[in-house]
Amino acid sequence: QVQVVESGGGVVQSGGSLKLTCTASTRIFTAIAWWRQAPGKEREFVAQWNNDDTIDYSNSVQGRFTISRDNLKTMMYLQMTNLKPEDTAVYYCHIPFYTLWGQGTQVTVSS
């Protein structure tokens, strides 16, 4: 059974940076994605590394966040820079092919 675990969340001041990591229990050769859910809001798309190696970002994080993955395809990352209070959310690793979600990692940005 494939599993993913997120790590790297924390509390950071506005304008700061954090790097999230998603560790998979097996090699992932399909699309990988990051989503987030803020308190009282629906889960929303953040970024996706597609099967053809193209990358999509939501408008709200374009230019500030970078998704990447390691060559072994067991690790996925989300580098977040110039963080804003509205980025505060639980961030989830998502593997669409397996309809798989991690347990999430909390990111809190203070103003």
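Q: Where is the place of Ser7? Which strand?
A: Ser7 is in strand E1, residues 4-7. Keep in mind that this is a predicted model.

Q: Is Ser7 buried, exposed or partly exposed, and why?
A: Ser7 has a relative accessible area of 35%. Buried means under 20% and exposed means over 50%, so Ser7 counts as partly exposed.

Q: What is Ser7 in contact with, leaving aside neighbours within four places in sequence?
A: Ser7 is in contact with Lys19, Leu20, Thr21 and Thr105.

Q: And how many residues apart in sequence are Ser7 and Cys93?
A: They are 86 residues apart in sequence. In space, the C-alpha atoms of Ser7 and Cys93 are 9.8 Å apart.

Q: Switching to the whole chain. How many helices and strands?
A: The protein chain has 0 helices and 11 strands. Along the sequence, the pattern reads β-β-β-β-β-β-β-β-β-β-β.

Q: Why is the chain said to be as compact as a globular protein of that length?
A: The globule rule gives 13 Å for 111 residues. The radius of gyration of the protein chain is 13 Å, close to that value, so the chain is as compact as a globular protein of that length.

Q: What box do the C-alpha atoms fill?
A: Roughly 40 × 25 × 25 Å, taken along the principal axes.

Q: What share of the residues is buried?
A: Buried residues make up 45% of the 111 residues.

Q: And the accessible surface? What does it come to?
A: About 6000 Å² for the protein chain. Carbon and sulfur atoms account for 49% of that surface.

Q: What about contacts between residues at least 6 apart in sequence? What share joins residues at least 24 apart?
A: In the protein chain, 54% of those contacts do.

Q: Charges next. How many positive and negative side chains?
A: There are 9 positive and 9 negative side chains. The centres of the two sets lie 4 Å apart.

Q: On to Trp35. Which strand is it found in?
A: Trp35 is found in strand E4, residues 32-37.

Q: Why does Trp35 count as partly exposed?
A: Because its relative accessibility is 23%, and the buried class means under 20%.

Q: What does Trp35 touch, not counting residues up to four places away?
A: Trp35 touches Arg43, Glu44, Phe45, Val46, Val90, Tyr91, Tyr92, His94 and Trp101.

Q: Trp101 is on that list. How many residues apart in sequence are Trp35 and Trp101?
A: Trp35 and Trp101 are 66 residues apart in sequence. From C-alpha to C-alpha, they are 9.4 Å apart in space.

Technical notes
Residues are numbered from 1 along each chain as its sequence is written. This is a predicted model: local features need pLDDT of at least 70, side-chain atom pairs count only at pLDDT 80 or more; totals for chains, interfaces and linings use all residues. Side-chain values use heavy atoms; hydrogens and water are left out. Helices (H or I, at least four residues) and strands (E, at least two) are DSSP runs, numbered from the N terminus. The radius of gyration is taken over C-alpha atoms; the globule rule is 2.2 Å times the number of residues to the power 0.38. Buried means under 20% relative accessible area, exposed over 50%, partly exposed in between (1.4 Å probe, protein chains only). Contact means heavy atoms within 4.5 Å. Accessible areas come from the Shrake-Rupley method with a 1.4 Å probe; for residues, only the protein chains shown count as cover. Lys and Arg count as positive and Asp and Glu as negative; His and the chain ends are not counted. The place of a charge is taken as NZ of Lys, CZ of Arg, CG of Asp or CD of Glu.
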